[in-house]
Amino acid sequence: MSLQQAPQSRVFVELVPWADRGRENNVVSGSELLPGLRRPLPSAQTQTATREVHVSGTAELSASPDRAQVAVLVSSTKETAAEAKKSVCRRLDYITQSLQQQGLQVCITFTEFGKMQNICNFLIEKLDSSVVISQPQFYHTPSSVENLRRKACLIAVENARRKAQEVCNVVGQTLGKPLLIKEEETKEWEGQIDDLQSSRLSGSLTIQQKIKSATIHAASKVFITFEVKGKEKKRKNL
């Protein structure tokens, strides 16, 4: 009894590009996959993931006050109210004239602290005890504080970029474009003088101590994600 010859079978092989790693070396019959073989990955998943470097950067800046104000109190004691008023007006005219000679208006805001000290010392020297000049009060304009915050953030970003650049240099890669920039933390505080006992006696503070006490500090911390590229090949000159 002769054995029946088995029918010949045919195998179809699908060739896939080398880059398609999800389907590499997969043998299929027709349009179906053979048992035990992994299904091809979608084209979106076969793309190489973006390489990234995550770094943080910090910066701290300080700014001295840019404004100061003083109060001038003029008083006079005379036998009559008219004489007292005339005495006060005469002193006010002298004060006004002294300020105008320095290029200042009557209602003044000092931006040059050296000029402020000279004016105050001059008035105290020329006028008697009927004129009292208060201790200067130092402060910041809103634009000055905003500039300080912005500069602190920008320097923190630059510090983070420099750190990422150095990391890429160490591992032989090229730093790409930033993918994410986030300011994570900001802080602001006023400067404190060293001598706590003197801080309670504000009248005894020197001008420099007052300026130091009114100095504002700002700190910024940022988080940045950069793209990492392969090391660039130098082009040969033709």
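I take buried to mean under 20% relative accessible area, with exposed over 50% and partly exposed in between (1.4 Å probe, protein chains only). Helices (H or I, at least four residues) and strands (E, at least two) are DSSP runs, numbered from the N terminus.

This is a predicted model, so I keep in mind that local features need pLDDT of at least 70, side-chain atom pairs count only at pLDDT 80 or more, and totals for chains, interfaces and linings use all residues. Residues are numbered from 1 along each chain as its sequence is written, and side-chain values use heavy atoms, leaving out hydrogens and water.

**Helix α6.** I looked up the buried residues of α6 (residues 207–214) and found I207, K210, I211 and A214. They cover an arc of only 100 degrees around the axis, which puts them on the same side of α6; the arc is that of the directions from the helix axis to the C-beta atoms. These buried residues pack against α3 (113–126), β7 (137–139) and β9 (216–229).

**The sheet.** Next I followed β9 into an open, antiparallel sheet of three strands, ordered β3-β9-β8. Here strands pair if DSSP finds at least two bridges between them. β3 (52–63) and β8 (174–190) are at the edges with a single partner strand each, so one side of each has no neighbour in the sheet. I count 12 bridges between β3 and β9.

**T225.** Which strand holds T225? I found T225 in β9, buried at a relative accessible area of 5%. Setting aside neighbours within four places in sequence, I see T225 in contact (heavy atoms within 4.5 Å) with residues including E52, H54 and L179.
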